[in-house]
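Here are my notes on the model. Please read them with the structure open.

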Amino acid sequence: MDKKIRRVTDLKEQRMETYRYWRSRSVGERLSAVCEASVDAYAFKGVRIDDEQRPQRHLVRIQRPKR
């Protein structure tokens with residue numbers, strides 16, 4: 001992981017820097033970061049997330065007749 005410290009004094013510039021950073025990451029890296037942040041947030045509340053605790057997700061594809 002490339003760690004850099006930048007001093008930003010303007011709030012708008014800070015937001016743009018954050019936006020540029022996340023745009024430079026791949027979709028997979030962004031999704032992994034969201035998942036990690038979610039797990040950390042639940043841990044902060046005292047909830048432990050395990051794969052066994054998650055509800056089963058069933059995907060269903062419904063194909064409509066063409067009009």
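1. Terms of exposure. A residue is buried under 20% relative accessible area, exposed over 50%, and partly exposed in between, with a 1.4 Å probe and protein chains only. By that scale Glu-17, at 22% relative accessibility, is partly exposed.

2. Basis. This is a predicted model, where local features need pLDDT of at least 70 and side-chain atom pairs count only at pLDDT 80 or more, while totals for chains, interfaces and linings use all residues. Residues are numbered from 1 along each chain as its sequence is written, and side-chain values use heavy atoms, with hydrogens and water left out.

3. Overall picture. The protein has two helices and zero strands. Both element types are DSSP runs, numbered from the N terminus: helices are H or I with at least four residues, strands E with at least two. Of the 67 residues, 0% count as buried. The protein exposes about 7700 Å², and carbon and sulfur atoms supply 52% of that area. Accessible areas follow the Shrake-Rupley method with a 1.4 Å probe; for residues, only the protein chains shown count as cover.

4. Salt bridges. The structure holds two. The criterion is a side-chain nitrogen of Lys or Arg within 4 Å of a carboxyl oxygen of Asp or Glu. Glu-13 meets Arg-20 at 2.8 Å, N to O. Glu-17 also bridges to Arg-20, with the closest N and O atoms 3.0 Å apart. Together, Glu-13, Glu-17 and Arg-20 are linked in a network. Glu-13 is partly exposed at 36% relative accessibility, and Arg-20 is partly exposed at 40%.

5. Helical spacing. Which helix holds Glu-17 and Arg-20? Both sit in H1 (residues 11-24), and being three residues apart, they are separated by about one helical turn. An α-helix has 3.6 residues a turn, so residues three or four places apart point the same way.

6. Aromatic pair. The count is one. The rings of Tyr-21 and Trp-22 have centres 4.9 Å apart and planes at 80°, so the pair is edge-to-face. Rings of Phe, Tyr and Trp (its six-membered ring) pair if their centres lie within 6.5 Å; planes under 30 degrees apart are stacked, over 60 edge-to-face, the rest tilted. Tyr-21 is partly exposed, at 34% relative accessible area. Trp-22 is partly exposed as well, at 36%.

7. Helix H2. H2 (residues 27-44) has 18 residues. From its first C-alpha to its last, H2 reaches 26 Å, close to the 26 Å expected at 1.5 Å a residue. The expected span is 1.5 Å times one less than the number of residues. Gly-46 follows H2, with a positive phi near 90°.
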